[in-house]
Amino acid sequence: MNSPVSANSRVLSGMRPTGRLHLGHYHGVLKNWVEMQHEYDCFFFVADWHALTTHYEDSGIISRSVWELVVDWLAAGVNPNAATLFIQSRVPEHAELHLLLSMIAPLSWLERVPSFKDQQEKLQGRDLSTYGFLGYPLLQSADILAYRAGWVPVGEDQVAHIELTREIARRFNFLYGREPDFEEKVEVAIKKMGKKNASLFNNLCNKYQEKGDKESLEVARELLMGQQNITIADQERLFGYIEGSGKMILPEPQPLLTSASRMPGLDGQKMSKSYNNTISLRASEDEVEHKIRTMPTDPARIRRTDPGDPAKCPVWQWHLIYSADKLQKQILKGCCSATIGCIDCKVHVVRAINEELSPIQERARLYEESPELVRNIINEGSERARDEARKTMDEVNYAMGLNY
Ligand code: TRP
Ligand code: SF4
């Protein structure tokens, strides 16, 4: 794609401080951040306000996790000289933009974001029928748009939030980003379509803009394409008018899907705290050993002499991540012919994980021993982030006519 947005090399991503990071975060997110930090202008932040939307009753976990999270990032190789690291609440512009966007965000757009109902059902113990929780994806939009980021590295589950962000940006640009005489020109163009088509077009626009009805958008586009008596320039204006792409004050970001390397958990499901199948980045060698030793294997392999099928074994998934081709072949053969036992097989995984974690934990210790250093990194990053967000807010306030 060659929209002005993909030419924008700024990347923004955040993580909620709600507990320790585990191998799933490392393989699924952090390794990706570390790779991107040298290729893009990266902003990574601790989403403490987002954590508060679900943990407002036990916010202690947030304050305990904020610094641990930053230390884990640094330990995993995120480099503060390459990327800007900050804490969301240190940049009040996120809240300012969230508030302003809330004025133009249709309720129905927020209510239909899938994570809203999903999470309410999943997090049963928490009362999530709050204003703040409904606004979660809008706050995320503000995070992204405040930096005019072009790319947002996220997992599948967040794509709907990026889509909402795109719609909000479009709506903002539509409302506040048009050329001074845009309105008049649009009006004249609509009239040229004739009474019947004009009123049809206006209806479709309303349905799309107020209710987010995508079908209306498509129908309106087709209607425009079939018009013989308006100029191309007018047609373009009207395309922009339905979609709100006037002056691009807030560019539409794209999701950058983190590679499929979905880390399996100890039970073969996706690794996630809620499934209780994780290995923490701070796990000791003994803990790693214990967790892998007690991992389930191919259920058909009851005795040591029973051949197994790696395809039915979660341990094999880990070999696919950690073991070289040669070892993988040996395991495959040994398992299927019952010439190796599960304990022998698991030893390799234990070793590989401990080798991976050891330098991370070493670096984490260094940062933990100098909390001042970590604070300085965040202070500097937050200041830099704030300067950037302020630039956007000045434009936003100006566009909305709030610059008295
Ligand atoms: N919602 C994201 C998550 O749950 C965290 C987040 C908040 C985020 N703001 C963001 C991610 C902005 C990317 C960009 O993982
Ligand atoms: Fe799984 Fe390895 Fe045992 Fe085969 S030998 S069942 S792959 S743990």
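Here are a few friendly notes on the nonpolar cores and the ligand site of this predicted model.

1. Let's start with the largest nonpolar core, which has 54 residues. The members that touch the most others are Leu23, Leu30, Trp73, Ile279, Ile292, Trp318 and Ile353. Helix H17, spanning residues 342-369, gives the most to this core, with 9 residues. Both domain 1 (5-177 + 256-261 + 371-399) and domain 3 (282-367) supply at least three residues each to this core.

2. Leaving aside residues up to four places away in sequence, Leu30 touches Met15, Leu21, His25, Asp72, Trp73, Ala76, Val78 and Leu281. Among these, Trp73 is also on the list of core members with the most contacts to other members.

3. Now for the ligand. Ligand 1 is surrounded by 14 residues, and the closest are Arg16, Tyr136, Gln140, Asp143 and Gln158. Strand E1 (10-15), helix H8 (136-146) and strand E4 (151-154) each give two or more residues to the shell. H8 provides the largest share, 4 residues.

4. Polar side chains reach nitrogen atoms of ligand 1. An N or O atom in the Tyr136 side chain is 2.7 Å from a nitrogen atom of ligand 1. For Asp143, a polar side-chain atom also lies 2.7 Å from a ligand nitrogen, while for Gln140 the distance is 3.0 Å. Taken alone, ligand 1 exposes 360 Å², of which the protein buries 90%.

Conventions
Residues are numbered from 1 along each chain as its sequence is written. Chains are lettered from A and ligands numbered from 1 in the order in which they are written. This is a predicted model: local features need pLDDT of at least 70, side-chain atom pairs count only at pLDDT 80 or more; totals for chains, interfaces and linings use all residues. Side-chain values use heavy atoms; hydrogens and water are left out. A nonpolar core is a set of buried Ala, Val, Leu, Ile, Met, Phe, Trp, Tyr and Cys residues joined through side-chain atoms within 4.5 Å. Buried means under 20% relative accessible area, exposed over 50%, partly exposed in between (1.4 Å probe, protein chains only). Domain bounds come from an automatic or database domain assignment. Contact means heavy atoms within 4.5 Å. A residue is near a molecule or strand if one of its heavy atoms lies within 4 Å of it. A polar contact is a pair of N or O atoms within 3.5 Å; within protein, one must be able to donate a hydrogen and the other to accept it, and residues adjacent in sequence count only if both atoms are side-chain atoms. Accessible areas come from the Shrake-Rupley method with a 1.4 Å probe; for residues, only the protein chains shown count as cover.
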